[in-house]
Amino acid sequence: MSLEYTNDRSFHEQIIEEVLAAYPEKARKRRSKHLNVVSEGDSDCGVKSNIKSMPGVMTVRGCAYAGSKGVVWGPVKDVVHISHGPVGCGQYSWAQRRNYYVGETGIDTFGTMQVTSDFQERDIVFGGDKKLRQLIDEIEMLFPLAKGISVQSECPVGLIGDDIEAVAKEKAKDLGKPVIPVRCEGFRGVSQSLGHHIANDTIRDWVFGREKPSDLEDPTAGFEPSPYDVVVVGDYNIGGDCWASRKLLEEIGLRVIAQWTGDTSLAELERAPKAKLNLIHCYRSMNYISRHMEEKYGTPWFEFNFFGPSRIEKSLRAIAEYFDDTIKENVEKVIAKYRPMADAVIDKYRPRLEGKKVMLYVGGLRPRHMVNAYEDLGMEIVGAGYEFAHKDDYQRTTSYVKDGTLIFDDITGYEMEKFIERIRPDLVGSGIKEKYPIQKMGVPFRQVHSWDYSGPYHAYDGFAVFARDMDMAINNPVWGKFKAPWAEA
Amino acid sequence: MPQSAEAIKDHVSLFREPEYKEMLREKRINFECPHPEETVREISAWTKTEDYREKNFSRKSLVINPAKSCQPLGAVFCGAGFDGALSFVHGSQGCVAYYRSHLSRHFKEPTSAVSSSMTEDAAVFGGLNNMIDGLANAYALYEPKMIAVSTTCMAEVIGDDLHAFIANAKDKGSVPKEFDVPFAHTPAFQGSHINGYDNMLLGILTHFWQNMERNPGGSINIIPGFDGFCVGNIRELKRVLDLMEVEYTIVCDPSDVFDTPSDGTFRMYDGGTTIYDSKAALNAKATLSMQEYCTKKTLAFAKEKHQETASLHYPIGVEATDEFLMTVSELTGKSIPDALVRERGRLVDALADSMSIAHGKTFAVFGDPDFVYGMCRFLMEMGAEPRHALATNGTKPWAKKMKALLESSPYGQDCEVWPGCDLWHLRSLLNTAPVDFQIGSSYGKYLERDTGTPLIRLAFPIFDRHHHHRFPTWGYQGGLQVLVRILDKILDRLDDDTNEAGVTDISFDLTR
Ligand code: SF4
Ligand code: SF4
């Protein structure tokens with residue numbers, strides 16, 4: 001189902017001029033490169049990306065630590081992740097991402113725990129390596145079933161000259177378990193994005209590249225490969241997303257040997273190179289390791305999209321092209337099986353959502369990936385932007401958005417407020433920091449990092465939940481109550 | 001097919017459908033290389049033993065599930081308490097994203113703060129340029145009345161000098177010379193958010209008071225401290241002080257900015273202590289802190305300025321409110337009006353009506369040091385027994401004070417005080433020395449799951465229940481709120497324990 005519409009180019013150009021006028025000159029010059037109106041047929045959205053945020057403008061972005069601990073490593077459930085440094089970073093990111101997993105927390109899984117070295121002044125002055133050694137021993141004492149330990153560096157670690165790699169090597173030998181040092185200090189890079197990359201590299205170097213102590217068996221031993229083995233890469237199982245996707249992939253006859261990373265075990269990281277195909281959902285955060293697996297193990301990778309039935313069908317058919325006729329036939333059967341349910345969802349909600357305008361501002365993937373899911377429900381995308389996308393993300397975006405769409409890279413709080421005030425979209429999808437200011441303006445809002453405590457949104461099972469939630473947000477009775485009846489219209 | 005358009009199932013029920021349960025079971029067996037179920041059960045049971053407790057308490061370096069956060073969070077909270085003030089945190093930007101999220105998740109409200117977005121080059125050369133550009137941008141875009149500067153640990157480790165940087169930025173014209181830019185160094189590797197609050201408040205008052213002559217008057221300053229219930233509590237404070245006809249200034253009042261109406265306008269700033277009042281606060285006769293451990297340095301500064309000072313520990317309940325009112329009365333010479341005496345009587349009445357319900361029930365209390373003190377004190381008033389009092393950011397002197405409080409009542413005799421411990425310690429305590437209920441923040445929900453101890457949410461942060469912070473916990477009215485929350489939990493539990501038809505329902509009483 002493709003929806004035909006265009007957005008109001010000259011109006012969008014005008015509001016870009018309006019917001020830029022508020023900046024001091026130096027800042028105006030820099031910000032003007034991050035805002036644009038996209039034209040049909042462009043090869044790129046025409047904005048600069050992945051460069052430093054300006055001080056003082058209220059960027060939405062986080063840091064490399066958030067990209068590593070929060071995104072890539074955090075969901076590896078049977079590994080204990082140390083937030084190495086002062087208490088704050090680990091505290092604020094504790095159990096906030098909703099990457100669901102199965103396991104007994106504190107016994108064989110450790111996802112919703114905040115494990116930290118809680119740096120004190122003396123650790124800054126004398127270095128934290130000694131403390132790190134000791135606390136790794138303490139983890140081993142209290143959590144003997146942990147399959148490994150990762151060290152997620154916070155800002156001070158890289159500034160005081162600690163050698164966490166040396167500690168990691170030494171302790172890995174001692175414990176006979178992988179200890180993974182991750183240099184994701186918050187000051188590195190310009191956003192979460194470098195944290196994803198660094199975390200990807202540590203999987204390459206410290207998981208794939210691990211020297212196996214002689215007394216340890218090969219983790220991939222006893223693994224029987226099959227011709228249908230795939231890995232789902234870059235699905236963080238927010239609200240159970242990856243489970244919904246997994247079910248669908250299994251139904252078409254594939255064997256999902258690993259989920260990266262959501263409800264992930266260390267074994268799933270270790271065995272991934274045995275797959276026949278890597279299926280990548282969040283390209284931004286995990287393209288690095290997919291490219292590496294392609295180079296090193298010859299595993300091809302394919303970017304798929306399980307948001308909304310039209311993309312799901314397209315993706316399933318494209319995935320089938322990598323396999324034999326059995327899979328191709330299965331795909332058609334599965335599509336036929338689910339189409340009535342998807343149609344019933346659309347029939348139910350489309351009349352209530354038709355023509356509603358949506359603005360999306362999220363990380364590095366969803367502002368494009370979700371477009372067709374909205375369009376399946378008859379909704380239109382007026383504006384889209386990313387917190388930490390790179391050029392290749394903006395290139396990929398042009399094929400999703402329509403002519404005249406407003407594009408904003410690393411938006412500031414000021415710009416967001418003004419754009420929304422002028423456009424008055426029917427729905428904004430962004431994060432927790434944006435939610436309440438926008439709702440106060442009387443504009444319906446959904447968090448699109450955490451699914452606003454809902455989900456799953458992936459695959460057919462998730463699409464139904466997605467449609468229900470969008471209707472709930474947009475057509476909520478509360479929006480009619482903002483003005484007192486006696487107030488002038 | 002588990003999903004349907006008619007009855008849409010989300011994560012709560014979807015994954016309990018047989019197809020998903022089977023899928024997850026297969027995933028586990030075939031791909032996760034799990035430990036044998038037997039082993040998991042064994043270890044799980046072991047974590048509940050005395051042996052594990054001993055090991056757990058032997059750790060020297062490892063911190064697990066602490067109930068505290070870092071200084072700049074407190075600084076940002078403090079900044080929110082001033083009229084038109086924008087918090088500007090100098091250092092890495094990720095931290096600021098975290099403070100904003102954290103406060104918004106608790107209050108369900110916007111939280112505004114900017115960062116100087118320092119990156120690797122600033123780590124080498126210092127963050128002066130970030131300060132210069134950052135102040136200019138923040139000033140132009142967000143039109144604040146003042147900018148309150150604090151620091152993340154990055155700026156602290158490299159040793160940026162805020163005083164010099166701000167002066168430099170002013171020279172460069174980032175903000176007008178006379179524009180107020182108070183500041184505080186808030187290193188995350190010292191103390192916790194309550195110290196960040198203290199440091200920022202001290203920075204703000206120092207900025208306003210340093211070149212002023214004090215001209216003592218009759219007004220008093222009240223500092224509420226870092227408080228997740230600030231919205232309800234500060235409003236209650238004002239109501240009570242107005243009833244007493246006291247002349248006062250709430251120094252740091254975020255009660256409006258964390259409770260703005262939904263009427264079509266986003267208010268980035270709302271209410272808060274004005275610059276005028278902040279300056280005039282120097283002339284106060286006295287400064288009263290509602291939370292001593294949040295205001296140690298600020299109170300010392302007030303004293304230095306020749307003000308009388310007094311401090312409380314998060315006053316909840318009859319005695320603590322009595323003490324609050326008497327302190328105010330003493331400092332101002334105003335008497336306590338009948339209306340408050342009647343409110344007092346009503347709280348006492350409620351305690352008398354419900355005396356049997358909480359009596360003898362045992363509790364674990366965790367949170368910030370002042371909260372734990374105030375909460376335990378009220379529990380003992382109800383005839384309930386605190387057994388574990390834990391503050392991750394509690395110090396040894398705090399523990400000593402706690403012990404004195406507990407020893408003052410027969411209901412506190414069996415309570416142990418745990419300064420500097422975290423919620424993994426508490427897990428062992430609840431497993432080996434169980435209690436009936438726990439009082440604390442949302443983090444306690446994991447303890448509820450692991451140890452079966454029902455949680456009453458009365459401390460910051462509360463992420464998974466809505467709107468409690470809009471109601472007071474201070475004053476006699478606040479005491480009533482707290483009492484009802486505790487009674488409801490106890491009685492809901494009692495109903496749950498007695499509702500099996502024909503088995504336990506002999507005690508499923510209609511009237512309790
Ligand atoms: S890096 Fe430091 S200041 Fe920032 S959140 Fe972490 S502990 Fe707090
Ligand atoms: S889906 Fe979005 S928020 Fe999640 S990792 Fe990818 S880019 Fe980041």
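Me: A polar contact is a pair of N or O atoms within 3.5 Å; within protein, one must be able to donate a hydrogen and the other to accept it. The model is predicted. With which side chain does the side chain of D410(A) make a polar contact at 3.5 Å?

Reply: D410(A) sits in the loop between β12 (406-409) and α18 (413-423) of chain A. Its side chain makes a polar contact of 2.8 Å with the side chain of S53(A). The partner at 3.5 Å, a distance that still meets the cut-off of within 3.5 Å, is the side chain of R61(A).

Me: Does D410(A) count as buried or exposed?

Reply: Beyond its neighbours within four places in sequence, D410(A) is in contact with residues including R31(A), T59(A), Y361(A), Y386(A) and E387(A). Its relative accessibility is 3%, and the cut-off for the buried class is under 20%. D410(A) therefore counts as buried.

Me: How far from K170(B) is the nearest side chain of opposite charge?

Reply: K170(B) belongs to helix α10 (residues 162-171) of chain B and is buried without a salt bridge. A salt bridge requires a side-chain nitrogen of Lys or Arg within 4 Å of a carboxyl oxygen of Asp or Glu. The nearest side chain of opposite charge is that of D180(B), at a distance of 6.1 Å.

Me: Which residue has its backbone oxygen 2.6 Å from a polar atom of the side chain of K170(B)?

Reply: Leaving aside neighbours within four places in sequence, K170(B) is in contact with V175(B), P176(B), K177(B), F179(B) and V181(B). The backbone oxygen that lies 2.6 Å from a polar atom of the K170(B) side chain belongs to F179(B).

Me: Why is strand β9 of chain B largely enclosed by the rest of the structure?

Reply: T362(B), A364(B) and F366(B) point one way from β9(B), while F363(B) and V365(B) point the other way. Residues on either side are buried. Strand β9(B) (residues 362-366) is largely enclosed because the number of its residues that are buried is five of the five.

Me: In β12(B), which residue is the bridge partner of F363(B)?

Reply: β9(B) runs parallel to β10(B) (residues 385-391), joined by five bridges, and in β10(B) the partner of F363(B) is P386(B). These two strands form a right-handed β-α-β unit with helix α18 (residues 369-381) of chain B. β9(B) also pairs in the parallel sense with β12(B) (residues 437-440) over three bridges. In β12(B), the bridge partner of F363(B) is F437(B).

Conventions
Residues are numbered from 1 along each chain as its sequence is written. Chains are lettered from A and ligands numbered from 1 in the order in which they are written. This is a predicted model: local features need pLDDT of at least 70, side-chain atom pairs count only at pLDDT 80 or more; totals for chains, interfaces and linings use all residues. Side-chain values use heavy atoms; hydrogens and water are left out. Buried means under 20% relative accessible area, exposed over 50%, partly exposed in between (1.4 Å probe, protein chains only). Helices (H or I, at least four residues) and strands (E, at least two) are DSSP runs, numbered from the N terminus. Two strands pair if DSSP finds at least two bridges between them. A crossover is right-handed if, with the strands pointing away from the viewer, the path from the first strand over the helix to the second runs clockwise. Lys and Arg count as positive and Asp and Glu as negative; His and the chain ends are not counted. Contact means heavy atoms within 4.5 Å.
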